[in-house]
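Morning, everyone. I have one structure to walk through today. Please have a look at it first.

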Amino acid sequence: LRAELVLDDFDDLAETISPAMENVFVSTANVGAFNADRRLRIAAAAANPEATFDTDATSASVMTADLSALNTTSVGGPALAFQFKYAFAPTDISQGGLNDAIILDFRSLHGNEIAPELGLVVRDDFDLTETYFGQITNLPLTSGPFSASILFSSFTQRGGAPGLPDFTTIKQMDFDFFFFNISDSIRWRAELERIRIGKVPEPASIALCAALVPHVVRRTRRHFGNNF
């Protein structure tokens, strides 16, 4: 028998708020099965959002991201991200090839506009110069629970070229809910109960799998520079 690996079940308290703590990371040590160092922040450009981002505060053992106002400050396309980043000792997240996906279990996802993409950048201990990217672009807006998956096979190199990380030596996983060129009227809230690594049952269509759009990644993320 094999137990799934839980990266985070959000039972460690952390809180940040914008604009008071905008672009400032809040760190928590020894998170989840990997004893990861986790960093949270609300990052923005061309906007001054009113938002909160926490774990185990608004709801017990839940990550809650809430955007109540955008407050665009300049023309050119406001951008916003709720970022949650993990660093840990090199780990075989495939568990000898048994796992094939990173799975996010949501309690709910609400919004009055289309949901943002959820991006993931990973780094392994095999090639220290390269990072790899996966994403989910079709998250549903729903008041009920659902799970969304990023298949290992869907990753590319960060620039969009073919290439997969070494899943036996993963040491960094950086997630974000990323909004680009959104309106001031946007209202959005996500509740995430768990991030785990496991196997997506067949058929894979029962889970939401990553849709790779490298040209969109290159276009949107340049506005935040290397720190975003």
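I will take a hairpin, then the aromatic rings, then one serine in a loop.

Some ground rules. This is a predicted model, where local features need pLDDT of at least 70 and side-chain atom pairs count only at pLDDT 80 or more, while totals for chains, interfaces and linings use all residues. Residues are numbered from 1 along each chain as its sequence is written, and side-chain values use heavy atoms, with hydrogens and water left out.

Strand β3 covers residues 26–31 and strand β4 covers residues 36–45; they pair in the antiparallel sense over four bridges. Strands here are DSSP runs of E, at least two residues, numbered from the N terminus. Two of them pair if DSSP finds at least two bridges between them. V31 has A36 in β4 as its bridge partner. Four residues sit between the strands, and in this hairpin G32 takes a positive phi near 65°.

A charge over a ring comes next. R39 puts its charged end over the ring of F25, 4.0 Å from the ring's centre. The rule asks for NZ of Lys or CZ of Arg within 6 Å of the ring centre and within 35 degrees of the ring normal.

Now the aromatic pairs. Rings of Phe, Tyr and Trp (its six-membered ring) pair if their centres lie within 6.5 Å; planes under 30 degrees apart are stacked, over 60 edge-to-face, the rest tilted. By this rule there are 14 aromatic pairs. F84 and F177 form a tilted one, at 5.7 Å centre to centre and 40° between the planes. F84 lies in strand β7 (residues 79–91) and F177 in strand β13 (residues 170–180), so this pair ties together parts 93 residues apart in sequence. Both F84 and F177 are buried, meaning under 20% relative accessible area, with exposed over 50% and partly exposed in between (1.4 Å probe, protein chains only).

Y86 and F175 pair edge-to-face: 6.1 Å centre to centre, 90° between the planes. Y86 is in β7 and F175 in β13, so that pair ties together parts 89 residues apart in sequence. Y86 is buried, at 1% relative accessible area. F175 is buried at 1% too.

Which residues form the one aromatic cluster? F53, F82, F84, Y86, F106, F146, F175, F177, F179 and W188.

Last, the serine. S59 sits in the loop between β5 (50–55) and β6 (63–69). Is S59 buried or exposed? Buried, with a relative accessible area of 15%. S59 touches T64, R107 and E191, leaving aside residues up to four places away in sequence. Contact means heavy atoms within 4.5 Å.
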